[in-house]
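Biologist: I would like to learn how to read a model like this one. Please take me through it feature by feature.

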Amino acid sequence: MNPAKLAAIVLIVVGILALAYGGFTYTKDTHDADIGPIHLSVDEKEHVSVPVWAGVGALVLGGVLLLAGNKR
């Protein structure tokens, strides 16, 4: 499998995931405090939205790469 075909498949999968989920959530540690024997920590959930145009663009670009790779 050549690199262009592999990149096309990866772009198509990423585009489908971006359209299906619309983004992703991750947790980051923001504050830690040790007060004697007590340990306190604060975790914040962050959400990153992936625009629809980015998902569609990844799908289209992956399709173009896949079709262009087959013509050679």
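Modeller: What follows is a short tour of helices, strands, contacts and surface patches.

Modeller: This is a predicted model, where local features need pLDDT of at least 70, side-chain atom pairs count only at pLDDT 80 or more, and totals for chains, interfaces and linings use all residues. Residues are numbered from 1 along each chain as its sequence is written, and side-chain values use heavy atoms, with hydrogens and water left out.

Biologist: Where is Gly 15 found?

Modeller: Helices (H or I, at least four residues) and strands (E, at least two) are DSSP runs, numbered from the N terminus. Gly 15 is found in helix H1.

Biologist: Is Gly 15 buried or exposed?

Modeller: Buried means under 20% relative accessible area, exposed means over 50%, and partly exposed lies in between (1.4 Å probe, protein chains only). Gly 15 has a relative accessible area of 0%, so Gly 15 is buried.

Biologist: Which residues does Gly 15 touch, not counting residues up to four places away in sequence?

Modeller: Contact means heavy atoms within 4.5 Å. With residues up to four places away in sequence not counted, Gly 15 touches Gly 55, Ala 58 and Leu 59. Take Leu 59, found in helix H2 (residues 52–71). Leu 59 and Gly 15 are 44 residues apart in sequence, yet 4.9 Å apart in space, C-alpha to C-alpha. Leu 59 itself touches Leu 11, Ile 12, Gly 15, Ile 16 and Leu 19, again not counting residues up to four places away in sequence. Leu 59 is partly exposed because its relative accessible area is 29%.

Biologist: How do I read a strand residue such as Thr 25?

Modeller: Read its place, then its partners. Thr 25 lies in strand E1. Not counting residues up to four places away in sequence, Thr 25 touches Lys 45, Glu 46 and His 47. For contrast, look at Gly 15 and Leu 40: they are 25 residues apart along the chain, and their C-alpha atoms are separated by 39 Å.

Biologist: Which residues form the nonpolar patch on the surface?

Modeller: Like charges are joined within 9 Å, and nonpolar side chains (Val, Leu, Ile, Met, Phe, Trp, Tyr) within 5 Å. Here the nonpolar patch is formed by Met 1, Leu 6, Ile 9, Val 10, Val 13, Val 14, Leu 17 and Tyr 21. Together they have about 810 Å² of accessible area (Shrake-Rupley method, 1.4 Å probe; for residues, only the protein chains shown count as cover). Ile 9 lies in helix H1 (residues 3–21). Its relative accessible area is 35%, so Ile 9 is partly exposed. Leu 6 is also in helix H1, and at 46% relative accessibility Leu 6 counts as partly exposed.

Biologist: Which residues form the negative surface patch?

Modeller: Asp and Glu count as negative, Lys and Arg as positive; His and the chain ends are not counted. A charge is placed at NZ of Lys, CZ of Arg, CG of Asp or CD of Glu. The negative patch is formed by Asp 29, Asp 32, Asp 34, Asp 43 and Glu 44. Strand E1 (23–35) and strand E2 (38–49) are the elements that give two or more residues to it. E1 gives the most, with three residues. Asp 34 is found in strand E1, and Asp 34 is exposed, with a relative accessible area of 60%.

Note on methods: Patches are made of residues with over 30% relative accessible area and no salt bridge: like charges are joined within 9 Å, nonpolar side chains (Val, Leu, Ile, Met, Phe, Trp, Tyr) within 5 Å. A salt bridge is a side-chain nitrogen of Lys or Arg within 4 Å of a carboxyl oxygen of Asp or Glu.
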